[in-house]
Amino acid sequence: MKMLLTFWKNELLRASKINQLRYADTKQRRKTGILYVVICIIVVGMLVFFVHKMSGIFSFAWTVDDIINSLIVPVVFACLAINIVISIFWGGGLLLSDVNADAQLALPVRLSSLIVSKLFILYVFLVFLDMILLFPADVLFGITAGTGIVFYLISIGNLLFFPIVPCLLGAIIGTEIYRILRSTSVLIARLKTILTVLFLFAFIVFMFLKFPEISKGTIHFSSKAATLYIAASRYVKSFLYHNVLSLAAYWGIILLASCLLLHGLMVSYQNWYCMSKGQKEKSMDISSNMFIKYSMISTLATRERRRYFSTPAYFTNTSMGFMLATVFVMIVVMANEKIAPYINLFSNYFQIAPAATDILYIFASTILISLSNTTYASISIEGKHMEVLNTFPISAKDVFKAKMQFYLSLSIPIILVLNTIMALILRFPWYITLLGYIMPLSFTSFLGVAGYILNLIFPNFEWDNVTHIIKQSFPAIMSAVIGTFASCGTAYLLLKHFANILLFGSFMACLVIFFAVCMMLFWLKKYGKNIYPN
């Protein structure tokens, strides 16, 4: 137990970055302090907003049955789902991505203690989240039912153990997914990318088609789901009134499921460790294609393409805009009656001429396509291979051309196909069709160059997980902000101030973007070659 507490202390120090505040240099301490301030401001703001919303809920006249059926049971199901999803994405890489696995496994410590210590921060976060979501509902129930202080103490104890099973279950699922994603097999790499794309595409289609029905309450659930909900309501009611059998079942299920899941997690970790250490280097297949001579740019672009489609995290996070635009065009083609009311609503609100209403379709596709960008992480993703790349006679200009060529080779075919389909189905005039090609291409070029410049100025090669530079790095955040402001901001300004000359204003906006791209290219030509070697 003493060793487990030591591990928990180390995990808290690592997650809280206390040692950086105590021992790092002044610059690093300043960054950590700013990070603390930003996190505190966000947390306080969210808590104030949550308390404001909860005050409105507490002001209603509730009955005990209404609280259970309409508040506690839905929140319990929501917390279970949220805990499992967070554990899958957070807990999946906690075990298998640890670079100090050899040193820790050499210690005279049980494997269960190591796993529990690594999941400790995740568990604390889930407890904090469940307390915020579930405890106010318990307080409302206690006030309505007139319970005493013992009820709140037991509720806190139950909530402390509520996330254990979802945390372990999500960690097992995430660990298996992470092990598949880290597989070095070429076939598995291609299959997992295809399956990920199909899953995300199906989810996006579902959200576009079914989410309006869910928000309006017109979607119907099956009789089995209704029966499960009724049974859950009855159990929660007996549980809240501290029925001995209900409490015993709750604690027994948690204890038994926790032991089984922890054992399964230990077995999964042991199998992965043995396989990773027992793998032998495979001989490389030699084919005649390896001896074909390619140009420098084509070789680098091919290298980018292979890395892009063999890294699911890189592919899925940077192709979301392309998938959303594809789904948007599919709905326009197959069910335009779902999109047309929103287009007419915007047209009437901004008082757009009927002849220019079709331009709103171009704005929508441009905004969605602008969500995809690969260049903001294209330099950092080189990682430790950047030093090897610098040893070759490859200039900064060649690297930029290859990365931009790959990005444009992704976006240009998608833009041409989607706009052609929309133009044929909706029968755009030739000038709107032309705008449908020019506007997405101009914004795509702008965001590609801007993302490359951001990554050139703020590279990060010391990463252990590629997800960090794709989702959490400064270039990733700024690229998303610039893309949103550039596309959405331009559309809003045109609709707000140039509604009467929307077509002309749209072409002028494309011209402004073109000049911005030229300015950035000039800056890269003048200063990029000096920044790149550093």
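Mentor: A helix here is a DSSP run of H or I with at least four residues, numbered from the N terminus. The model before us is predicted, and Ser-411 lies in its helix α19.

Trainee: What does the secondary structure of the protein chain come to?

Mentor: The chain has 23 helices and zero strands.

Trainee: Why is Ser-411 called buried?

Mentor: The cut-off for buried is under 20% relative accessible area. Ser-411 has a relative accessible area of 0%, so Ser-411 is buried. Leaving aside neighbours within four places in sequence, Ser-411 is in contact with Phe-322 and Thr-444.

Trainee: Which residues touch the most other members of the largest nonpolar core?

Mentor: That core has 74 residues, and those touching the most other members are Phe-328, Ile-352, Tyr-361, Phe-363, Phe-428, Val-449 and Leu-502. Helix α19, residues 396-426, supplies the largest share of this core, with 12 residues. Another core, of 15 residues, lies apart from it and includes Val-73 and Phe-151.

Trainee: With which residues is Phe-328 in contact, leaving aside its neighbours within four places in sequence?

Mentor: Phe-328 is in contact with Ile-339, Tyr-361, Ala-364, Ser-365, Leu-368 and Met-422.

Trainee: What makes Ile-501 partly exposed?

Mentor: Partly exposed covers the values between the cut-offs, with buried under 20% and exposed over 50%. The relative accessibility of Ile-501 is 43%, and therefore Ile-501 counts as partly exposed. Ile-501 is found in the loop between α22 (474-497) and α23 (502-531).

Trainee: Is Cys-79 buried or exposed?

Mentor: Cys-79 has 1% relative accessibility, which is under the 20% cut-off, so Cys-79 counts as buried.

Trainee: Why is Cys-259 called partly exposed?

Mentor: The relative accessible area of Cys-259 is 48%, between the 20% and 50% cut-offs, and therefore Cys-259 is partly exposed.

Trainee: How many disulfides does the structure hold?

Mentor: The structure holds zero disulfides. A disulfide would require a pair of cysteine sulfur atoms within 2.5 Å.

Definitions and conventions: Residues numbered from 1 in each chain as written. Predicted model: local features only at pLDDT ≥ 70, side-chain atom pairs only at ≥ 80, totals over all residues. Heavy atoms only, no water. Core = buried A, V, L, I, M, F, W, Y, C linked by side-chain atoms within 4.5 Å. Buried < 20%, exposed > 50% of the residue type's maximum accessible area, 1.4 Å probe, protein only. Helix = DSSP H or I, 4+ residues; strand = E, 2+ residues; numbered from the N terminus. Contact = heavy atoms within 4.5 Å.
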